[in-house]
Amino acid sequence: MVIERVIELESVRVTNALREDIMLGRRLPGSRLIERDIAAELRVSRLPVREAIKALVGEGLVVKHPRTWAVVREFTIKDIRDFAEFREAIETLAWVLAAQRHDDHGAEVIRATYAREARAVAAGDIAAAQAASAKFHTTAVGLSGNDVLQELAESYVTRLRWLFGQFEDVEQMVEEHRVILDAFLARDVDALRELIPAHLAEGREAAERRLLARARGDG
């Protein structure tokens with residue numbers, strides 16, 4: 001039991017490390033994840049590495065080729081657009097429900113989440129701003145009071161972080177979030193039904209531009 005627990009803890013650590021490497025671009029799309037190399041780098045056995053890769057396959061960040069190696073997923077324009085369609089349906093509903101149902105505590109929680117994002121933007125910490133931006137969205141889902149929506153959000157939170165990592169104009173993002181927050185606090189669901197799809201479209205377009213730039217070798 002002790003050995004199993006150690007392996008479990010190590011697999012969590014390896015999963016977190018690999019996920020961050022992918023999110024921050026230290027492991028590029030299409031790059032191979034070789035178990036023995038990762039195990040040596042992180043000073044663990046190959047078993048927790050194998051479990052970590054399996055977890056990241058489940059999160060949609062890694063692709064496992066049958067009888068061969070795993071690679072960091074190369075997202076396509078279609079992947080981005082499919083995800084955007086899903087998010088628009090799920091998150092518009094979540095924001096509307098959260099606006100209708102939140103209490104004073106919920107209002108303070110989302111204000112605090114937005115404040116962290118604004119501070120990160122002011123400090124020029126792009127990575128922290130991107131992470132806080134993703135948290136802003138998942139917080140609203142949590143305030144929707146709908147367990148099914150929350151379960152769905154948990155299934156795509158890693159891809160959500162990846163998507164926000166493609167959006168480098170954090171000043172624009174925090175301003176759009178301020179407008180959304182004002183509508184949320186005012187319980188203006190009609191405004192949210194317009195603001196959320198438009199905001200998500202900005203994120204989709206940014207991800208598409210970044211993907212096309214990489215394909216051209218611009219970055």
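Modeller: Gladly! Let's begin with residue classes: Ala, Val, Leu, Ile, Met, Phe, Trp, Tyr, Cys and Pro count as nonpolar, Asp, Glu, Lys and Arg as charged, and the others, Gly among them, as polar. With those classes, the lining of the second largest pocket has six nonpolar, two polar and three charged residues. Please keep in mind that this is a predicted model.

Colleague: What is the volume of the second largest pocket, and which residues are closest to its centre?

Modeller: The volume is about 180 Å³. Of the 11 lining residues, Pro-29, Glu-74, Phe-75, Leu-211 and Arg-214 are the closest to the centre. Helix α9, which covers residues 189-216, gives the most to this lining, with three residues.

Colleague: Why is Ala-206 called buried?

Modeller: Buried means under 20% relative accessible area. Ala-206 has a relative accessibility of 7%, so it counts as buried. This residue lies in helix α9. Ala-206 is 23 residues from Ala-183 in sequence, and their C-alpha atoms are 24 Å apart in space.

Colleague: Why does Arg-27 count as buried?

Modeller: We use the cut-off of under 20% again. Arg-27 has 14% relative accessibility, and therefore it counts as buried. You will find Arg-27 in the loop between α1 (2-23) and β1 (32-33).

Colleague: What makes the pairing of Arg-27 and Asp-21 a polar contact?

Modeller: The cut-off for such a pair of N or O atoms is within 3.5 Å. The side chains of Arg-27 and Asp-21 are joined at 3.1 Å, and the side chain of Arg-27 also makes a polar contact with that of Glu-41, at 3.0 Å. Setting aside neighbours within four places in sequence, Arg-27 is in contact with several residues, including Leu-18, Ile-22, Leu-33, Ile-38 and Val-72.

Colleague: Is Arg-43 buried or exposed, and how do you know?

Modeller: Exposed means over 50%. Arg-43 has 78% relative accessibility, so it counts as exposed. Arg-43 sits in the loop between α2 (35-42) and α3 (46-59). Its phi is near 60 degrees, a positive value in a residue other than glycine.

Colleague: And why is Arg-187 called partly exposed?

Modeller: Arg-187 has 39% relative accessibility, so it counts as partly exposed. Arg-187 is found in the loop between α8 (170-185) and α9. This residue is not a glycine, yet it has a positive phi of about 55 degrees.

Colleague: Now for the whole protein. How many helices and strands does it have?

Modeller: The secondary structure comes to nine helices and three strands. From the N terminus on, the elements run α-β-α-α-β-β-α-α-α-α-α-α.

Colleague: Why is the protein called as compact as a globular protein of its length?

Modeller: The radius of gyration is 19 Å, close to the 17 Å that the globule rule gives for 219 residues, so the protein is as compact as a globular protein of that length. Along its principal axes the C-alpha trace spans about 55 × 50 × 35 Å.

Colleague: What percentage of the residues is buried?

Modeller: Buried residues make up 43% of the 219 residues. As for contacts between residues at least 6 apart in sequence, 72% join residues at least 24 apart.

Note on methods: Residues numbered from 1 in each chain as written. Predicted model: local features only at pLDDT ≥ 70, side-chain atom pairs only at ≥ 80, totals over all residues. Heavy atoms only, no water. 1 Å grid on protein atoms, 1.4 Å probe; cavity = no way out; pocket = protein on both sides within 12 Å on 5 of 7 lines; lining within 4 Å. Points joined across faces, edges and corners; volume = space filled by probe spheres on them. Helix = DSSP H or I, 4+ residues; strand = E, 2+ residues; numbered from the N terminus. Buried < 20%, exposed > 50% of the residue type's maximum accessible area, 1.4 Å probe, protein only. Polar contact = N/O pair within 3.5 Å; in protein donor to acceptor, adjacent residues only side chain to side chain. Contact = heavy atoms within 4.5 Å. Rg over C-alpha atoms; globule rule 2.2 N^0.38 Å.
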